[in-house]
Every structure is written in structure tokens, then in C-alpha cells.
Amino acid sequence: MTEHIALGYIGLGNMGTPMAKKMSEWPGGLTVYDIRTEAMTPLAEKGASLADTVADVAAADIISVTVLDDQQVRAVVGELASHAKPGTIIAIHSTISDTTAEELARELEPQDIHVIDAPVSGGTRAARFGQLATMVGAGDEVFARVKEPFSHWAELVVHAGPPGAGTRMKLARNMLTFTAYAAVGEAWKLASASLDRKSVV
């Protein structure tokens, strides 16, 4: 039963904290860890269990990771992999290279540990209200396992394809968004120039 799935969260920064607060409402329970003890205190007040180390989070079934960069992601995943049980899912929400999750998934597959990428979109306000979008790079069976827990904190949970595909989808989405912004900016410039010419005439 999905409600008995235990969640873990590592990295309680600007995005991690509101996401973890939504996860604390999950019936299967939540264990959190951050190197800053003060970052964990608000989660304890929400009912989450506080871990003393990354390894203490490894007992969870689905572990979310939101740390700074690829190097930290690799370090955290490596530490979790040393203690996690077979079947554990490690979901990377951090901004990483599109090959990082793919490589880690391949490395840990023999241990039956599933590394997936699930970048998020929507910002901190959306995170507070559980209105994020997440693009998940995972196999079909693993996606089926994370869909309901992820829907607890994300309004839109999209299966992008295998590990790595989530990050690539987000990169493509960002590129389209910024291209649209640039196009609007150019349109404004053209409109302004046209109005200026008319006023001269």
C-alpha cells in the first residue's frame, strides 16, 4: 500500500524546506536531514523525524535529494547507497547535469537501488502550496511507485522517460521559456520603435 511508503528528504534549502513540509503530511512518515540543525527544527514541529546523518535517512523507501550541485549529489547518493536496502528509490530534485542521474542509475542498478531525476518547476511559492510540476526520469515500474507520493507535493507529475530524461525535459522547457521571453522583448522593442517613428511623422 502506498500510504505505508516511508519518505526521506535531504537538503532543506529554499526549495527543499517547503517541499519537505508538504511531504511531512504524507501518512507513511518523513525523515529529514540537513547539515544545519536549525533547518530541521521547523520540520520536527510538522511531525517529521530528524536524522543525525545522511545514512540515517537510508531506511526510507523513497528519498528525495535537493543539494547544491552534481558533486554534492554524488556524495549524498554514494553515502545512501552504502546503507540503503534493495528497492530503495533515490530521487534527485537538484539542478544537475543531464548525465548524472543516468550514470548513477546505471552504477547502482546491480544493488537494486533506483536513482531517478525529478527536477521541479514553479518556485518556492508553488512548493509551499503543493503546486509544483516535476518531470520524472525513471523506468515505468519506478515511476508508478513514486507517482502518488510525488503528487502529494506536486500538482503535475510527468513521466519524461528513463533516468536523465527529466533533467533534459526541464532544460528544453527552460530554453523554450527564455526564447519566448526574448521574443516578447524584441516585439516590445519593435513596437516602441514603430511608435517613436509615428510620433516623429
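Predicted model: local features only at pLDDT ≥ 70, side-chain atom pairs only at ≥ 80, totals over all residues.
Trainee: Why is L43 called buried?

Mentor: The relative accessibility of L43 is 0%. Buried means under 20%, so L43 counts as buried.

Trainee: Where does L43 lie, and which residues does L43 touch?

Mentor: L43 lies in helix α2, which covers residues 37–45. Setting aside residues up to four places away in sequence, L43 touches L12, T17, A20, K21, L30, V32 and A48.

Trainee: T17 is in helix α1. What makes helix α1 mostly covered?

Mentor: Helix α1 runs over residues 16–23, and seven of its eight residues are buried. Those buried residues are G16, T17, P18, M19, A20, K22 and M23. Each is therefore under the 20% cut-off for relative accessible area.

Trainee: Why is I10 called buried?

Mentor: I10 has a relative accessibility of 3%. The cut-off is under 20%, so I10 counts as buried. I10 belongs to strand β1, residues 7–10.

Trainee: Which residues is I10 in contact with?

Mentor: Neighbours within four places in sequence aside, the contacts of I10 are Y33, V54, V57, I63, S64, V65, T66, V67, V76 and L80. One of these, I63, is 53 residues from I10 along the chain, yet their C-alpha atoms are separated by 7.5 Å.

Trainee: Which residues of the largest nonpolar core touch the most other members?

Mentor: The core has 32 residues, and L30, V32, I116, V136 and F150 touch the most other members. Helix α6, residues 140–151, gives the most to this core, with four residues. Apart from it lies another core of 25 residues, including I10, A60, I90 and I92.

Trainee: What does V32 touch?

Mentor: Beyond residues up to four places away in sequence, V32 touches Y9, L12, A20, M40, L43, A48, S49, L50 and A51.

Trainee: How many cavities of 30 Å³ or more are found, and which residues line the largest cavity?

Mentor: One cavity of 30 Å³ or more is found in the whole structure. The largest cavity has a volume of about 30 Å³. Its lining consists of L7, M23, I62, S64, P149, F150 and W153. Strand β4 (62–65) and helix α6 each supply at least two residues of that lining.

Trainee: How do you know that the lining of the largest cavity has one polar residue?

Mentor: The lining residues are L7, M23, I62, S64, P149, F150 and W153. Leu, Met, Ile, Pro, Phe and Trp count as nonpolar, so S64 is the polar one. The classes are six nonpolar, one polar and no charged residues.

Trainee: Which residues lie nearest the centre of the largest pocket?

Mentor: The largest pocket, of about 280 Å³, is lined by 16 residues, with G11, D34, T66, V67 and Q72 nearest its centre. By class, its lining has eight nonpolar, six polar and two charged residues.

Trainee: What lines the second largest pocket?

Mentor: The second largest pocket holds about 210 Å³ of space. Its lining has 13 residues, of which A105, E109, H114, V115 and P163 lie nearest its centre. Elements α4 (100–108) and β6 (114–117) give two or more residues to that lining.

Key. Residues numbered from 1 in each chain as written. Heavy atoms only, no water. Buried < 20%, exposed > 50% of the residue type's maximum accessible area, 1.4 Å probe, protein only. Contact = heavy atoms within 4.5 Å. Core = buried A, V, L, I, M, F, W, Y, C linked by side-chain atoms within 4.5 Å. 1 Å grid on protein atoms, 1.4 Å probe; cavity = no way out; pocket = protein on both sides within 12 Å on 5 of 7 lines; lining within 4 Å. Points joined across faces, edges and corners; volume = space filled by probe spheres on them.
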